[in-house]
Amino acid sequence: MQAEVIIRQTAIGPYRVNTYLLACAQTRKAVLIDPGGEAERLIKMVRDEGVEPVYILNTHGHADHVLANQQLQKVFPVPVCMHEADDIFFAAAEVREKSEKELGLPAPAPADIRLTDGQVLTVGRLQIKVIHTPGHTPGSVCFLAAGNLFTGDTLFVGDVGRTDLTGGSLDTLIHSLREKVIVLPEETIIRPGHDYGETPTSTVGREIKENLYITDFILAG
Ligand SMILES: [Zn+2]
Ligand SMILES: [Zn+2]
């Protein structure tokens, strides 16, 4: 039986990143996924929901997805988690400089916990699985929890994330979608890192039918 979950989505910060509050309904333990800024608003969201954060999760290291990490940690002293490949990548001086120029925002601080592919985080009765899906960045991940896939900038509704930023690769992103995403149950709910599509969410089944990066690059190939 799947854990009952609470999910709140809100568009945050200069790039309108979808920040998610994901909580176990029974225990009220929670995570914040990609806190992209406006820390005060996110703190209020957590308090209004009456939940207790235990991790801050980043789908990848781009500044717009991590902007409120440190401000939130002052109020909720919990570890920031990022895939090891992005934590290493964004620690390099030349990458930081390039990324800051590309995004016009400061590069991320080091993570407290380096995530690995297949790792499972326990949050109350909720299990959150880390799925490494490189391509948008070397350490991009999707988080799978109770039939919901938080895809960051790997997969949007009807689109995929940019691969022209430093460390990006379209071939690698397509490979990740083929091997790690479209193999999931069709009813899996896609919860993207930006609201760029016709609807705020989608499903794996719908993306397999409608997303040109899947229909043309994977299924037709
Ligand atoms: Zn990004
Ligand atoms: Zn983004």
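Predicted model: local features only at pLDDT ≥ 70, side-chain atom pairs only at ≥ 80, totals over all residues.
Visitor: Do tell me about β5 and β6: parallel or antiparallel?

Guide: Strand β5, residues 80–83, pairs with β6 in the parallel sense, over 3 bridges. Within this pair, Met82 stands opposite Arg114 of β6.

Visitor: Going back a step, how many helices and strands are in the chain?

Guide: The protein chain has 8 helices and 14 strands. Its radius of gyration is 16 Å, close to the 17 Å that the globule rule gives for 221 residues, so the chain is as compact as a globular protein of that length. The C-alpha trace spans about 50 × 45 × 30 Å along its principal axes.

Visitor: And what share of the residues is buried?

Guide: Of the 221 residues, 44% count as buried. As for contacts between residues at least 6 apart in sequence, 62% of them join residues at least 24 apart.

Visitor: What about the other open sheet, the one with β7 in it; what is its order?

Guide: That sheet has 6 strands in the order β7-β8-β9-β10-β13-β14, with mixed pairing. Its edges are β7 and β14 (202–203); each has a single partner strand, so one side of each is left without a neighbour in the sheet.

Visitor: How do β7 and β8 pair?

Guide: Strand β7 (residues 120–123) and strand β8 (residues 126–132) are antiparallel and share 4 bridges. Val123 has Leu126 of β8 as its bridge partner. The two strands form a hairpin with 2 residues between them, and Gly124 there takes a positive phi near 60°.

Visitor: What lies in contact with Thr27, apart from its neighbours within four places in sequence?

Guide: Apart from those neighbours, Thr27 is in contact with Gly124 and Arg125. Thr27 and Gly124 are 97 residues apart in sequence, and their C-alpha atoms are 5.5 Å apart in space. Thr27 itself lies in the loop between β2 and β3.

Visitor: Is Thr27 buried, partly exposed or exposed?

Guide: Thr27 is partly exposed, because 15 other C-beta atoms lie within 10 Å. A residue counts as buried at 20 or more and as exposed at 12 or fewer.

Visitor: Turning to the core, which residues have the most contacts inside the largest nonpolar one?

Guide: They are Leu22, Val31, Ile33, Cys81, Cys142 and Phe143, in a core of 51 residues. Setting aside residues up to four places away in sequence, Phe143 touches Ile33, Leu57, Thr59, Ile128, Val130 and Phe150.

Visitor: How many bridges join β9 to β10?

Guide: There are 3, and the two strands, β10 being residues 148–152, run antiparallel. Leu144 has Leu149 in β10 as its bridge partner.

Visitor: One last topic: which residues of α6 are buried?

Guide: In helix α6, residues 170–181, the buried residues are Leu173, Ser176, Leu177 and Val181. They cover an arc of only 100° around the axis, which puts them on the same side of α6. As background, an α-helix has 3.6 residues a turn, so residues three or four places apart point the same way.

Visitor: What do the buried residues of α6 pack against?

Guide: They pack against β9 (141–145), β11 (155–156), β12 (159–160), α7 (204–210) and α8 (212–219). On the face of α6 turned away from its buried side are the exposed residues Asp171 and Glu179.

Notes: Residues numbered from 1 in each chain as written. Chains lettered and ligands numbered in written order. Rg over C-alpha atoms; globule rule 2.2 N^0.38 Å. Contact = placed C-beta atoms within 7 Å. Pairing = 2+ DSSP bridges. Arc of directions from axis to C-beta. Core = buried A, V, L, I, M, F, W, Y, C linked by C-beta atoms within 7 Å.
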